[in-house]
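The sequence and structure are shown first.

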Amino acid sequence: MTKPQSWEARAEEFSLYGFTDMPSVHERGTVVVTHGEGPYIFDTNGKRYLDANSGLWNMVAGFDHAGMAEAAKAQYDRLPGYHAFFGRMSDQTVMLSEKLVEVSPYDRGRVFYTNSGSEANDTMVKILWFLHGSEGNPQKRKILTRWNAYHGVTAVSASMTGKPYNEVFGLPLPGFIHLTCPHYWRFGKDGETEEEFVARLAQELDDTIQREGADTIAGFFAEPVMGAGGVIPPAKGYFQAVIPVLKKHGIPVISDEVICGFGRTGNTWGCQTYGFTPDAIISSKNLTAGYFPMGAIILGPELADRVEAAVEKIEEFPHGFTASGHPVGCAIALKAIDVVMNEGLAENVKRLAPRFEAGMKRLAENPNIGEYRGVGFMWALEAVKDKATKEPFPASLSVSERIANSCTDHGLICRPLGQSIVLCPPFIMTEAQMDEMFEKLEEALKKVFAEVA
Ligand SMILES: *Cc1c(COP(=O)(O)O)cnc(C)c1O
């Protein structure tokens with residue numbers, strides 16, 4: 001076997017790329033990353049990029065936090081691995097569960113660990129199926145989510161995700177129902193007020209539950225702000241309208257806080273930002289500040305009690321991953337929570353969010369930006385051909401892809417999502433770095449819109 005020479009060629013020859021626009025890779029080559037400093041990453045050519053996407057939303061403490069690495073090393077020295085089966089678990093796991101309940105909106109609860117956000121959602125579905133079955137409702141299995149939702153990529157979590165790309169896998173599985181995306185700017189009808197839009201979505205939910213039968217629906221999952229759907233904050237009053245409908249029908253509400261959790265929206269949890277209390281919380285990504293793959297399910301008191309009763313009945317919960325509650329992951333998560341909540345990171349998000357919004361608002365004055373939207377440290381700009389009619393550019397022009405590529409050329413990483421550009425920088429971002437982000441993005445917008453307009 002003769003190996004190709006460059007890093008780019010070696011990457012392309014031996015790796016199967018996930019969620020990657022391959023024509024862009026063939027044309028531009030892969031950015032092969034070697035190390036990081038604060039919010040910056042460096043590639044094999046020594047080029048520096050401001051990563052305004054925090055890796056994949058998760059590297060909230062930046063790429064070289066000394067305390068995080070120390071916590072990992074110390075735990076690798078003490079106990080480098082263990083499971084959480086058969087009545088054994090590490091001390092770090094015990095401490096993390098305590099901590100997660102302490103920082104949750106609940107006064108008590110129970111925590112279960114996975115290796116990813118997808119597995120956490122997948123596991124939550126199994127918990128609901130297990131619970132309803134145990135309570136004599138084995139037919140209570142359908143799952144409600146929304147179009148544009150992102151809940152992961154395993155067969156079940158991909159079925160919950162509301163994206164057309166899953167059709168190539170023959171997904172969603174039967175019994176996964178997608179409701180209207182609560183994005184007023186895009187899905188509000190002509191002449192419909194935001195209030196009327198929200199009322200229509202609540203009615204759609206009620207109609208769907210009546211049609212399917214409340215006794216066939218296991219749960220409702222929602223991201224407080226849709227992340228991978230293109231940073232979509234809910235229409236005003238959305239959760240206040242839909243949650244009473246779900247409560248009325250006895251359907252558990254699960255908040256997928258994989259992105260929103262631990263300060264991204266300016267509060268510890270996205271559900272706090274939007275004023276609702278779910279029955280359970282899904283966490284991952286920020287949970288370890290991206291320093292370890294880990295997901296967690298935090299069950300609120302009512303679900304915790306019901307699940308405990310179900311477990312008592314058959315004397316075990318027959319589920320778990322080899323690395324569930326990994327001691328190094330738990331030690332890192334404990335440190336990450338401390339860093340985010342006590343070292344000023346969450347505060348920095350709160351402090352700079354108005355400045356972030358002001359920058360987005362200014363960029364949105366561009367005649368080819370239809371909407372700016374977001375909260376805290378997660379924002380998006382949506383490109384349009386015509387601002388008045390909201391007509392998008394033809395998909396064949398790949399406008400958002402071109403904007404992101406132009407940013408990459410100039411040392412800024414941001415993400416194209418549909419017709420939008422997403423910015424979700426690490427929580428450590430300074431004012432000067434924020435200015436750098438806006439300057440580079442503005443140049444890219446000017447250049448690409450001049451080409452396509
Ligand atoms: C990323 C994400 C997931 C999936 O997490 P993985 O760790 O990639 O499996 C689930 N839900 C939301 C809201 C996410 O953003």
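## Strand pairing, ligand site and cavity

Tyr-40 has Leu-50 in β3 as its bridge partner. The model is predicted. The two strands involved are β2, residues 40-43, and β3, residues 48-51, and they pair in the antiparallel sense over 3 bridges. Both belong to an open sheet of 4 strands in the order β1-β2-β3-β13, where the pairing is mixed. β1 (33-37) and β13 (412-413) are the edge strands, each pairing on one side only.

The ligand site comes next. The residues around the ligand are Ser-116, Gly-117, Ser-118, Asn-121, Tyr-150, His-151, Gly-152, Glu-223, Asp-256, Val-258, Ile-259 and Lys-285. By class, this shell has 3 nonpolar, 6 polar and 3 charged residues. Helix α6, residues 117-134, provides the largest share of the shell, with 3 residues.

| Residue | Protein atom | Distance to a ligand oxygen atom |
|---|---|---|
| Gly-117 | polar backbone atom | 2.9 Å |
| Ser-118 | N or O atom in the side chain | 2.5 Å |
| Lys-285 | polar side-chain atom | 2.6 Å |

On its own, the ligand has 380 Å² of accessible area, and the protein covers 84% of that area.

How many cavities of 30 Å³ or more does the structure hold? There is 1 cavity of that size. Rolling a probe the size of a water molecule over the atoms shows where empty space is left. The space in the largest cavity is about 40 Å³.

Which residues line the largest cavity? The lining is made of Leu-179, Thr-180, Leu-201, Glu-204, Leu-205, Tyr-238 and Val-242. Divided by class, these are 5 nonpolar, 1 polar and 1 charged. Two helical elements, α9 (194-212) and α10 (238-248), each supply at least two residues of this lining. The largest share comes from α9, with 3 residues.

In short, the shell around the ligand has 6 polar residues beside 3 nonpolar and 3 charged ones, whereas the lining of the largest cavity has 5 nonpolar residues beside 1 polar and 1 charged. In the shell, the largest share comes from α6; in the cavity lining, the largest share comes from α9.

Technical notes: Residues numbered from 1 in each chain as written. Predicted model: local features only at pLDDT ≥ 70, side-chain atom pairs only at ≥ 80, totals over all residues. Heavy atoms only, no water. Near = heavy atom within 4 Å. Polar contact = N/O pair within 3.5 Å; in protein donor to acceptor, adjacent residues only side chain to side chain. Areas by Shrake-Rupley, 256 points an atom, 1.4 Å probe, with all protein chains shown as cover. Nonpolar A, V, L, I, M, F, W, Y, C, P; charged D, E, K, R; others polar. 1 Å grid on protein atoms, 1.4 Å probe; cavity = no way out; pocket = protein on both sides within 12 Å on 5 of 7 lines; lining within 4 Å. Points joined across faces, edges and corners; volume = space filled by probe spheres on them. Pairing = 2+ DSSP bridges.
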